[in-house]
Amino acid sequence: ERRRKDRVAHLPIYITAGTWMTRFLTKHVRDIATDDARLVFRAAETRHHIGRREATIGIRNSRPEEAALAARKTTRVVFAPYAASTDPLQDHWIVSTTQTPSANWVRTHKENKIRFEVTNPRSLVDLAMQGVGQVVLPCFVGDDEAGLVRSGSIIPALSHEQWLVVHGEDRHQPAVRRTVDLVAQLIVTARGAFEGNSRSMSGKG
């Protein structure tokens with residue numbers, strides 16, 4: 001009986017989110033980790049199906065419509081263009097090949113000025129830091145990079161609400177419930193950064 005309980009207590013909790021949100025969670029993992037849960041981070045720009053148990057917890061940019069899911073609104077996420085603080089701000093742009101609203105915005109508005117493309121969104125920051133172009137990032141990412149500065153205003157068309165989503169049945173499992181609460185608390189505590197009102201966040205967990 002005890003072995004069975006131990007196995008249940010340490011079943012993996014799959015947390016799915018986009019590249020930048022996963023980066024945020026792993027950067028602050030000490031704030032969400034517990035002794036009775038094994039967290040599995042799945043970074044993807046495509047949505048995993050929580051109803052079919054492809055994920056335990058999901059972080060989404062819109063409220064889910066599936067009846068079996070429970071959702072909690074956490075904050076609003078805003079985006080802005082960024083460039084290296086040493087960049088002479090020539091009108092060059094860097095874009096990810098992933099199909100995300102921010103990448104689509106760059107392709108729509110800056111198509112003829114794109115100089116570099118990357119398959120991994122995290123490479124956007126690496127290239128921008130080299131001073132070779134501007135990128136569009138969530139403000140909680142761009143403002144936290146000491147070598148980057150905003151090169152323009154917040155882009156209203158990319159702003160969205162953020163939702164923490166879990167299967168209605170899974171949320172009653174103690175480990176899942178605790179993890180959901182800790183993730184929600186972490187995000188709410190950092191709300192200023194997500195809403196673009198803070199220039200920096202501590203990297204300490």
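Tutor: Let's start with α2, where Thr 19, Trp 20, Met 21, Thr 22, Arg 23, Phe 24 and Leu 25 are buried. Keep in mind that this is a predicted model, where local features need pLDDT of at least 70 and side-chain atom pairs count only at pLDDT 80 or more, while totals for chains, interfaces and linings use all residues. Residues are numbered from 1 along each chain as its sequence is written, and side-chain values use heavy atoms, with hydrogens and water left out.

Student: What makes α2 "mostly covered"?

Tutor: Buried means under 20% relative accessible area, with exposed over 50% and partly exposed in between (1.4 Å probe, protein chains only). In α2, 7 of its 9 residues are buried, and that's what "mostly covered" refers to.

Student: Why are α2 and α6 called roughly perpendicular?

Tutor: Axes are lines fitted to C-alpha atoms, for helices over the stretch in contact, and angles run from 0 to 180 degrees between N-to-C directions. Under 35 degrees counts as roughly parallel, over 145 as roughly antiparallel, 65 to 115 as roughly perpendicular, and the rest as oblique. The axes of α2 and α6 cross at roughly 100° and come within 11 Å, so the two helices are roughly perpendicular.

Student: Which residues make that contact?

Tutor: Met 21, Phe 24 and Leu 25 of α2 meet Val 183, Leu 186 and Ile 187 of α6, where contact means heavy atoms within 4.5 Å. They divide into 6 nonpolar, no polar and no charged. Here Ala, Val, Leu, Ile, Met, Phe, Trp, Tyr, Cys and Pro count as nonpolar, Asp, Glu, Lys and Arg as charged, and the others, Gly among them, as polar.

Student: And how do you know how α2 is oriented to α4?

Tutor: Their axes come within 9 Å and cross at roughly 85°, so α2 is roughly perpendicular to α4. Thr 19, Trp 20 and Arg 23 of α2 touch Arg 122, Leu 124 and Val 125 of α4. This contact has 3 nonpolar, 1 polar and 2 charged residues.

Student: How confident is the predictor overall?

Tutor: pLDDT is its confidence in each residue, from 0 to 100. The chain's mean is 86, and 85% of its residues reach 70 or more.

How values were computed:
Helix = DSSP H or I, 4+ residues; strand = E, 2+ residues; numbered from the N terminus.
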